[in-house]
Amino acid sequence: MRVYRATDYSDMSRKAANMISAQVILQPDCVLGLATGSSPLGIYRQLVEWYKKGDLDFSEVTTINLDEYAGLSGDDANSYRHFMKTNFWAYINIKPENTHIPDGPAHDPESECIRYDSIISARGGIDMQLLGLGHNGHIGFNEPGTAFDKDTHLVALTESTIEANRRFFEGRDVPGHAYTMGIRSIMQSKKILVIASGAHKAKIVKAAFFGPVTPMVPASVLQLHNNVTLVGDEGAMALI
Ligand code: GLP
């Protein structure tokens, strides 16, 4: 595992955005695994800026997102598809048909998971997966206790995740279920880029990367991957 210490959120975002840029420049038709949450926002802003300067071209890039709330359509302001559109895709030249995210309102969850996994395999797997860390160590929406050998599946969110994500919902109920790539899908990515910002992530960064590998801390499985880069700012790295 490579570890990069950044001074603050914007330094973390720029360092991680540089790594994603290198991936896109060296392999213009790469498959990027993308994440939502507050952590990657600065990366998306930076990539948009470089795109606008003419330094990046996303016309051949495919993106496959980690997760989506069950029941929310892509037009819903709280859906992750909407998040991705309004924070990233709308500002770059990615082809809409090359952007993938689970279909929240899908009628048959089982077929939706199979459909999603087949998109990943049809594209030859994910070249670089971006990951944030939940407070309880979740990656995507793989909550503590999830078996390491799962592909895309429907999960019941834990109370702590529902609470942590309530800030985005402005009084609305946070959905109780979500589709997420499984740990196996994530572990099959060729490269994994983990970002962490803020002192509130310090404990989980330590547990995930320097504690025992256990399904109780889903991100700890990343210690077993052979190409992981962690970029954390001072707060998040305070216990390392
Ligand atoms: C959500 C997402 C995760 C994300 C996590 C942390 O639960 N499903 O993919 O990593 O939040 O979010 P933040 O970056 O806002 O701390």
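## Starting with one arginine

Is Arg172 buried, exposed or partly exposed? With a relative accessibility of 36%, Arg172 counts as partly exposed. Keep in mind as you explore that this is a predicted model.

Arg172 has a partner: Arg172 and Asp76 form a salt bridge, and their closest N and O atoms are 2.8 Å apart. Arg172 sits in the loop between helix 5 and strand 8, while Asp76 sits in the loop between strand 4 and helix 3, so this pair ties together parts 96 residues apart in sequence. Asp76 counts as buried, at 17% relative accessibility.

## More charged pairs

Side chains of opposite charge can pair when their charged atoms come close. Across the whole structure, a search finds 8 salt bridges. One of them joins Lys85 to Asp75, with 4.0 Å between the closest N and O atoms. Lys85 belongs to helix 3 and Asp75 to the loop between strand 4 and helix 3, so the pair ties together parts 10 residues apart in sequence. Lys85 is partly exposed at 34%, whereas Asp75 is exposed at 65%.

Now look at helix 4, where Arg115 and Glu112 are 3 residues apart, or about one helical turn. Their side chains meet in a salt bridge of 2.8 Å, N to O. Arg115 is partly exposed, but Glu112 is buried, at 5% relative accessibility.

## The largest pocket

The largest pocket holds about 630 Å³ of space. Among its 37 lining residues, Thr36, Gly37, Ser38, Asn165 and Phe168 are the closest to its centre. The lining divides into 20 polar, 14 nonpolar and 3 charged residues. Helix 3 gives the largest share, 5 residues.

Note on methods. Residues are numbered from 1 along each chain as its sequence is written. This is a predicted model: local features need pLDDT of at least 70, side-chain atom pairs count only at pLDDT 80 or more; totals for chains, interfaces and linings use all residues. Side-chain values use heavy atoms; hydrogens and water are left out. On a 1 Å grid over the protein atoms alone, a cavity is a set of points where a 1.4 Å probe fits but cannot get out, and a pocket is an open set with protein on both sides within 12 Å along at least five of seven lines; lining residues have an atom within 4 Å of a point. Grid points are joined across faces, edges and corners, and a volume is the space filled by probe spheres set on the points. Helices (H or I, at least four residues) and strands (E, at least two) are DSSP runs, numbered from the N terminus. Ala, Val, Leu, Ile, Met, Phe, Trp, Tyr, Cys and Pro count as nonpolar, Asp, Glu, Lys and Arg as charged, and the others, Gly among them, as polar. Buried means under 20% relative accessible area, exposed over 50%, partly exposed in between (1.4 Å probe, protein chains only).
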